[in-house]
Amino acid sequence: MDIKKMKARGDVEGLIKALKEWDVREKAAEALGKIGDARAVEPLTTQVLKDENWDVRREVAEALGKIGHATAVEPLTQALRDEDEDVRFWAAAALGKIRDVRAVGPLIEALEDKDKDVRKEAAGALGEIGDARTVEPLTKSLKDKSRDVRKAAKEALKKVREKES
């Protein structure tokens, strides 16, 4: 199965089928993200987001962010609770790209994640969404022990306030 050729041809259907093949799932997910076709959202979320391999789950979260379709919001909010911090990070990043208010609550919860990179990405995603409900949690994040999280929270608050005015 040649994923590169399928990607070059824009063969979404072939790549969706490749998601079922254990040895090429990760590359198929990556290719589908680069193509950006919304037909891939459902197969990515149902077939692969719960994959036993964290590399595949991470790649799926990243691909869903590149596709940017709102139907991915629910599975991505579930991925914010994944055991792997890279998966949680890419889920937060994807939700920031999709900018759907349904992600606000789960992203606020992610501001408390044990991993500083996940907290930073959650703050950035909340800034992209720009919902007024995020002001208090982001203000609390200004006191995070991580300088990067504090900086991301400050930038996010600026974006939220710009959208309010």
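Student: At what angle do helix α4 and helix α5 pack, and how are they oriented to each other?
Tutor: Happy to start there, keeping in mind that this is a predicted model. Helix α4 covers residues 41-48 and helix α5 covers residues 54-67, with their axes 10 Å apart. The two helices pack at an angle of about 160 degrees. Angles over 145 degrees count as roughly antiparallel, so α4 and α5 are roughly antiparallel.

Student: Which residues meet where α4 touches α5, and how many of them are nonpolar?
Tutor: From α4 come Val41, Leu44, Thr45 and Val48. Their partners in α5 are Val56, Arg57, Val60, Ala63, Leu64 and Ile67. Sorted by type, the contact has 1 charged residue, 1 polar residue and a nonpolar group of 8.

Student: Stepping back, how many helices and strands are in the protein chain?
Tutor: Read along the sequence, the pattern is α-α-α-α-α-α-α-α-α-α-α. The count is 0 strands and 11 helices.

Student: What is the radius of gyration of the protein chain, and does it agree or disagree with a compact globule?
Tutor: The C-alpha atoms fill a box of roughly 50 × 30 × 20 Å along the principal axes. A compact globule with 165 residues would have a radius of gyration near 15 Å, so the chain agrees with that at 16 Å.

Student: What share of the residues counts as buried?
Tutor: A residue counts as buried under 20% relative accessible area. Of the 165 residues in the chain, the buried share is 50%.

Key. Residues are numbered from 1 along each chain as its sequence is written. This is a predicted model: local features need pLDDT of at least 70, side-chain atom pairs count only at pLDDT 80 or more; totals for chains, interfaces and linings use all residues. Side-chain values use heavy atoms; hydrogens and water are left out. Axes are lines fitted to C-alpha atoms, for helices over the stretch in contact, and angles run from 0 to 180 degrees between N-to-C directions. Helices (H or I, at least four residues) and strands (E, at least two) are DSSP runs, numbered from the N terminus. Angles under 35 degrees count as roughly parallel, over 145 as roughly antiparallel, 65 to 115 as roughly perpendicular and the rest as oblique. Contact means heavy atoms within 4.5 Å. Ala, Val, Leu, Ile, Met, Phe, Trp, Tyr, Cys and Pro count as nonpolar, Asp, Glu, Lys and Arg as charged, and the others, Gly among them, as polar. The radius of gyration is taken over C-alpha atoms; the globule rule is 2.2 Å times the number of residues to the power 0.38. Buried means under 20% relative accessible area, exposed over 50%, partly exposed in between (1.4 Å probe, protein chains only).
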